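Here is a set of questions and answers on how the parts of one model are arranged.

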There are 2 protein chains.
Amino acid sequence: MKTLNINLGDRSYPIYIGHNLLNDKEIFQRHAKAKTIAIVTNDIVAPLYLNILTQTLGKDKKIIPIILPDGESYKNLDTLNLIYDELLKNKAGRDVLLIALGGGVVGDICGFAAASFMRGVDFIQIPTTLLSQVDSSVGGKTGINHSLGKNMIGAFYQPKCVVADINLLNTLPQRELSAGLAEVIKYGLIRDLEFFNWLETYMKKLTNKDSASLIEAVERSCTNKAEVVEADELESDKNIRATLNLGHTFGHAIENEMGYGNWLHGEAVAIGMIMAAFMSKELGWLRTPEYLRIIQLIELAGLPITPPDISEKKFLDLMMSDKKTKGNQINLVLQTAIGEAMLTNEYDPEILSKTLTHNFS
Amino acid sequence: MKTLNINLGDRSYPIYIGHNLLNDKEIFQRHAKAKTIAIVTNDIVAPLYLNILTQTLGKDKKIIPIILPDGESYKNLDTLNLIYDELLKNKAGRDVLLIALGGGVVGDICGFAAASFMRGVDFIQIPTTLLSQVDSSVGGKTGINHSLGKNMIGAFYQPKCVVADINLLNTLPQRELSAGLAEVIKYGLIRDLEFFNWLETYMKKLTNKDSASLIEAVERSCTNKAEVVEADELESDKNIRATLNLGHTFGHAIENEMGYGNWLHGEAVAIGMIMAAFMSKELGWLRTPEYLRIIQLIELAGLPITPPDISEKKFLDLMMSDKKTKGNQINLVLQTAIGEAMLTNEYDPEILSKTLTHNFS
C-alpha cells in the first residue's frame with residue numbers, strides 16, 4: 001500500500017492506494033471512529049461492495065445505507081435532499097460520518113452533503129472508478145449540477161481520508177476505465193512530461209488493468225494534482241489551479257449539449273484536450289509531432305478522438321456559460337509543450353473558430 | 001459610526017454600526033467592488049429599502065434583485081434554488097457579489113447561497129432587524145431549514161462586511177424589536193453582568209427605539225458574540241460556543257412545535273431562557289433573586305414569559321432531535337449566575353421534567 005499525504009494545514013488528509021483496501025480494518029479503525037456511519041453509494045456499486053464495507057467497519061457501528069440511482073443526471077438538488085432526509089430520519093447528529101462509496105457523482109454529492117449537513121460533518125471517500133481515484137480524491141471540490149450548468153452548486157470541503165482500492169477497478173467497465181485514463185493523461189500534458197512518456201510505454205498495461213501499473217498511475221496522478229491543489233486550495237488565483245481544467249471548457253460544453261452521461265466526462269475531456277492541442281498547434285505554440293503524440297496516446301487509451309457534431313455558435317454559447325468564464329472573455333487552458341499548459345484569453349479568436357469547425361475525423 | 005472588527009484570520013471582516021449607513025457610498029465603494037451585484041431581500045423589505053441601496057451602489061453596477069417571500073417558512077431548499085436560478089439566468093459568475101438585505105431568514109439563506117454558489121462567492125450582510133443585527137451578523141452561520149428540523153443544512157461562511165444601520169429599525173414592528181431584545185439580553189446572561197445591569201437601566205429606552213441606546217446595545221452584543229466566535233469559529237469544541245445557545249434548545253422545540261413564524265425566534269428563545277433559569281434555580285445553581293431579575297427584564301422587553309402548552313413527552317422528543325444533541329444526552333446551557341453559563345448534561349433529569357411541566361403563568 002502507498003500513502004500519499006495531501007498537505008492543507010488542519011485540513012490535511014492521507015490517500016491510501018493499494019490492493020484490497022476495502023477489507024483493511026486498520027485503515028477504517030483509524031479514520032472511521034464515529035458510532036453512526038452513513039454509506040452513500042449507488043445501485044450499481046451497492047450490490048458489489050456495500051456488504052464488504054459494512055463488514056469491515058464492524059458490528060458495533062450503526063450503518064445507514066443511502067443508495068442513490070446511478071448517473072450524472074441524478075447529481076442534483078433532489079438527490080441531495082434524499083441524503084438529508086435519510087440522515088435526519090435516522091436521527092444522525094453532527095458526529096455522523098459519511099462515506100462516499102462510488103464514482104465521481106457519488107463523491108461529489110456525498111461530499112457536498114457532508115459540507116452542508118449541520119454545517120459540516122466528517123466524510124471519507126472510497127472512489128470506485130479510475131476517474132474518481134485520480135481526480136475527485138484530491139482537491140476538495142464537492143457539489144451538484146443545476147439545469148443551467150454543471151457543478152454550479154457546491155463547496156470546497158476536504159475528506160478525512162481517501163481509500164483508493166485498485167481491486168475495485170476489476171468490476172469497472174472498460175469504457176469507464178478509458179474515461180479515467182483521460183484525466184491521467186491530462187496530468188502528463190499539463191505538468192509532467194516524464195509521466196506522459198511513462199504513459200506512452202505503459203498504456204497497454206493500463207487498459208489491461210495491470211495492477212502494479214494502475215497503482216503507479218493513480219499515485220503519480222494524485223501527486224501531480226496534490227502539488228497544484230496545495231498551492232491554491234480554494235482556486236482563488238485563476239492561474240494556478242486552472243490548468244487542471246485542460247480540455248474541460250470544451251468538454252463541459254460537449255457534456256452539456258449531448259446530455260450528461262451520454263458522453264462520459266472523461267470522453268468529453270479527451271476530446272477537449274485534443275481540441276486544446278489542435279488550437280495550441282494552430283497558434284504556433286505546440287509542435288505538430290507533439291500534437292500527434294497527444295492524439296495517439298488518447299486513442300491508445302481507448303478514448304474517442306472526434307468531437308460530436310455541434311455548431312460553432314452553440315459551442316461558443318455553451319463555453320461562455322461555463323463557470324470558468326470571468327466577465328465576457330473565454331479563458332482557455334492551452335499547451336505550450338507536452339508537460340506545459342497555461343490559462344489564457346490572449347489568442348486570435350479566428351483560431352478558436354477554426355478549432356470549433358475543424359473536421360477531426 | 002462605530003466599527004467593530006471580527007478577527008478570524010483571512011476571514012476577518014468589519015461590522016459598521018450607525019445611522020443612515022444604507023446611504024453611505026464610501027462603505028459600499030470599499031466593499032462592493034463587483035460589477036454584478038445580486039441583492040437578496042424579501043417582499044416586506046424590498047419596497048422600503050431596495051431602491052435606496054441600489055442608488056447607493058451606483059449606476060455602473062448590474063443589479064440583480066432577488067425578492068423572496070417573507071417568513072421562516074420559506075427558509076428552505078426551494079427558496080434557495082430560486083436564488084441559484086436567478087443568478088444563473090442572469091449569467092452571474094464567480095465574481096458576483098451577493099448582498100443580504102433583510103432579517104435573519106434572508107441573511108441565513110443568502111449566506112448559504114453565497115457559500116454554495118460556484119463553491120463560494122462574496123457576500124455582504126445588511127441586517128434589517130435588531131435580531132439579525134445582534135445575532136446573525138457575527139458567527140458565520142448560514143443555512144436553511146429542513147422539514148425534520150431547523151438549520152439542518154448550511155455552512156460556516158463569513159461575510160466581507162456587515163452594515164448594521166440603526167435607522168432601518170424605524171420600520172421594524174414593535175414585536176420584532178422585542179424579539180431582538182431577547183438575544184441582546186442573552187449576552188448579558190451568559191457572559192456580561194455589567195451589560196445586564198446596563199440593560200435593566202436602558203430597557204425602556206430600547207423599546208422606545210432610542211438611537212443612541214440601540215447603537216450601544218448592538219455594539220455590546222456584537223462584541224460579546226465576537227469574543228465567543230473568535231475563540232471557536234467552527235463550533236468544534238462544544239463547550240466554547242455553546243453558551244450562545246442559552247434558551248435555544250427549549251426555544252427550537254417551541255418554534256418547531258408551534259410552527260416557524262407563529263412564535264418569533266426571539267420569543268421562543270425568551271421562554272427558553274426563562275426555562276433554563278428556572279431549571280438552574282431548581283438545581284440550586286442560581287439564586288431566586290437573580291431568577292426573578294431575569295424574568296423581569298425579559299418582561300420589560302415586551303417578551304412573553306409563559307411557555308405554550310406542550311406536553312413533557314413532546315417537548316423531550318423535540319429537544320432530542322435538536323442538533324445540539326450529541327449521542328443520546330440532552331446537553332443544555334444552564335446558568336450559574338447572571339453573566340455565567342455553561343453547557344452540561346450533568347443534571348438531575350427530574351429537574352428537567354419539573355421544568356417542562358412547571359406552570360409559569
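The questions below concern a predicted model and take up its chains and then its domains.

Q: Which rotation superposes chain A on chain B?
A: The superposition leaves an RMSD of 0.0 Å, and the shift along the rotation axis is 0.0 Å. The two copies are thus related as by a two-fold rotation axis. The rotation is 180 degrees.

Q: Which residue of chain A comes closest to the rotation axis?
A: The distance is taken at the C-alpha and comes to 4.1 Å. The residue of chain A at that distance is A:Leu77.

Q: Which element gives the most to the side of chain A that touches chain B?
A: The contact joins 28 residues of chain A with 28 residues of chain B. Helix H3 (77-89), helix H4 (104-116), strand E7 (141-146) and strand E8 (149-156) of chain A each give two or more residues to that side. The element that gives the most, with 6 residues, is E8(A).

Q: Why do the copies meet through the same surface?
A: The side of chain A that touches chain B has 11 nonpolar, 10 polar and 7 charged residues. The copies meet through the same surface because the share of interface residues of chain A that are also interface residues in chain B is 100%.

Q: How many residues does domain 2 of chain A give to the contact with domain 1 of chain A?
A: The domain assignment gives domain 1 (2-171) and domain 2 (174-357), with C-alpha centres 26 Å apart. Domain 1 of chain A puts 32 residues into the contact; strand E1 (2-6) and E8 are among the elements of chain A that give two or more of them. From domain 2 of chain A the contact takes 31 residues.

Technical notes. Residues are numbered from 1 along each chain as its sequence is written. Chains are lettered from A and ligands numbered from 1 in the order in which they are written. This is a predicted model: local features need pLDDT of at least 70, side-chain atom pairs count only at pLDDT 80 or more; totals for chains, interfaces and linings use all residues. Two residues are in contact if their C-beta atoms, placed from the backbone, lie within 7 Å. Helices (H or I, at least four residues) and strands (E, at least two) are DSSP runs, numbered from the N terminus. Ala, Val, Leu, Ile, Met, Phe, Trp, Tyr, Cys and Pro count as nonpolar, Asp, Glu, Lys and Arg as charged, and the others, Gly among them, as polar. Copies are superposed by least squares on the C-alpha atoms of residues with pLDDT of at least 70 in both. Domain bounds come from an automatic or database domain assignment.
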